[in-house]
Amino acid sequence: QVTATSSRGGFTNPNLDGLTFVVGVGNKDPITQTFLCSYVVCRRAVSEIRYQSADEQGEDFVRITVNDLGNSGDLGAQSGSVTVSLSLAAGPYNVAPTVNIPGLPDRVAKLNERVDITGIYVEDLDMDKPRWDKLYPEGLMTVWFSLGTGYMDITRLRRYGMRGTLFLGPADGGTDPDCPCLTVNNTCPCNGFRMTTYFKVSGRKVDVKWVVQEVSVWMFVEGTTQLRVTVSDNCNTGFSDDSGVQLPCLTATHSVVIRTIIDVTGPRFLYVDPGKGRDVTSGTVVAGTSDSVTLGQDASAEDNAYSGLTMTLSKAGVEDEKVAIGVYSGANRTATVFVNYVRDTSFTYSINCGTDLAPCGTLQAVINEAGEYGIIRALPGIYSGVGNTNLDMPDKTIDIGSTAGFNQTLIDCGWNSSVAVFAPTKRSRVRLEGFSIRNCLSKRGGAMVMRAVMQRRVNQIDGLGLDASACTGLD
């Protein structure tokens with residue numbers, strides 16, 4: 001005896017041969033149907049039962065129970081069942097997959113420098129949801145990377161190797177239609193995970209999401225290339241119509257541009273901390289040689305706090321000299337520098353800010369220190385007052401992001417200023433992400449002013465995380 005039960009749907013049996021119905025008639029039976037059959041017929045009938053969902057979206061379940069009615073045993077009637085929970089969604093029946101590469105849409109690196117692209121994320125909300133002909137998650141996702149010039153490594157495969165259900169190539173194991181270097185026998189020799197220009201991997205969603213998170217790219221010649229990431233659901237979907245016919249396979253693509261140049265001006269990574277940061281560290285030189293300067297007690301006691309920063313040495317009647325700090329000893333407060341002659345106690349010093357051990361105190365200071373394609377990371381806290389509002393955005397491409405997210409990183413304008421005026425040129429881009437913005441207004445009332453900006457999306461600009469994609473806080 002077989003019983004099919006749901007809380008809202010119904011059941012249909014396409015083949016009624018050999019079935020004797022106790023409950024229902026085998027055609028769109030609501031909620032429950034029960035029928036008797038021989039062992040062979042029951043096996044066929046169970047595999048053919050079709051579930052008809054309710055007209056309204058919501059939650060449901062399907063339970064199939066089989067009872068042997070005591071046949072072939074001395075212990076009386078025995079039964080077994082399987083239950084599947086369902087989320088009934090209004091169409092479209094196949095939700096498209098998504099892929100996202102976080103960060104700026106273009107990256108820059110020196111020649112032969114490795115560019116690490118992390119946080120790549122793929123998703124398909126309905127791939128593993130059950131349906132009438134797929135009671136258990138079994139769909140395969142496919143993701144492929146392509147690089148115009150240069151080479152890439154799939155970082156997690158290089159470190160840990162293949163895992164779980166992963167395998168190279170398309171989900172059906174056949175010829176790869178996307179491979180740019182097919183051989184005569186339809187193999188794809190460039191599909192590797194070390195120093196390759198093309199990589200395709202398939203597997204269960206959980207494994208594919210794990211493996212695609214990190215990619216390293218190398219460029220050995222000056223120029224521009226594009227890294228493209230594409231995901232396919234291979235027609236795996238949790239929803240279908242009554243006939244079980246799936247809609248076409250769906251894909252999604254995201255890409256970033258990687259540009260190589262001979263040199264990059266200014267520091268690449270800079271930090272700002274509203275609580276502990278200082279825009280300038282200054283004092284009197286304690287002692288000096290031709291290759292080192294000992295600083296006063298106001299200087300940091302952290303080793304390498306100022307390494308890579310610029311120090312200005314000054315004396316009345318002498319032209320200021322800017323020098324780059326090499327190794328910095330916190331215990332001795334001594335900075336390795338190369339100067340034209342020995343600096344003594346008649347000199348004063350000032351050091352700019354930006355390292356993780358000597359962060360800037362204001363957003364404007366760290367923005368000023370950033371070079372072209374600089375990356376700024378803001379530590380948690382409230383950024384308010386002079387230097388944190390009415391920001392002067394330079395004509396260069398910079399990435400400004402928080403380290404702890406918008407719930408812990410706030411810009412407070414005090415109801416007397418805006419955040420910034422964004423007016424980049426075609427050659428520059430500014431990315432501001434991970435901040436909550438409050439109490440800000442400009443002459444027209446908006447929190448931010450954007451001039452000749454093709455902004456794509458602004459979201460979650462308040463501490464509550466409310467979607468503000470309608471840009472009501474912008475002028």
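The model is predicted, so to speak of local features we need pLDDT of at least 70, side-chain atom pairs count only at pLDDT 80 or more, and totals for chains, interfaces and linings use all residues. Residues are numbered from 1 along each chain as its sequence is written, and side-chain values use heavy atoms, with hydrogens and water left out.

Let's start with the cores. By a nonpolar core I mean a set of buried Ala, Val, Leu, Ile, Met, Phe, Trp, Tyr and Cys residues joined through side-chain atoms within 4.5 Å. Buried is under 20% relative accessible area, exposed is over 50%, and partly exposed is in between, using a 1.4 Å probe and protein chains only. The largest nonpolar core has 31 residues, and I117, V143, F145, V217 and L227 have the most contacts inside it. Which elements each supply at least two residues of this core? They are β9 (114-118), β11 (140-147), β12 (151-154), β14 (198-204), α3 (205-211), β15 (214-218), β16 (223-232) and β17 (251-261). The largest share, 4 residues, comes from β11. Those labels are DSSP runs numbered from the N terminus: helices are H or I with at least four residues, strands are E with at least two.

Now have a look at L227. Contact here means heavy atoms within 4.5 Å. Once neighbours within four places in sequence are set aside, the residues in contact with L227 are I117, F145, S146, L147, M152, V217, H254, S255, V256 and I258. Apart from this core lies another, of 26 residues, including C360, A370, Y383 and C413.

On to strand β27, residues 374-378. Is β27 mostly covered or mostly open? Mostly covered, with 4 of its 5 residues buried. Two strands pair if DSSP finds at least two bridges between them. Strand β18 (residues 269-272) runs parallel to β27, joined by 4 bridges, and F269 has I375 as its bridge partner in β27. Strand β30 (residues 398-402) also runs parallel to β27, with 5 bridges; here I376 is partnered by I400.

Finally, two loop residues. K28 sits in the loop between β2 (20-23) and β3 (29-36), and its phi is near 55 degrees, a positive value in a residue other than glycine. K28 counts as exposed because its relative accessibility is 61%. W415, in the loop between β31 (409-412) and β32 (420-422), has a positive phi of about 65 degrees although it is not a glycine. At 59% relative accessibility, W415 counts as exposed.
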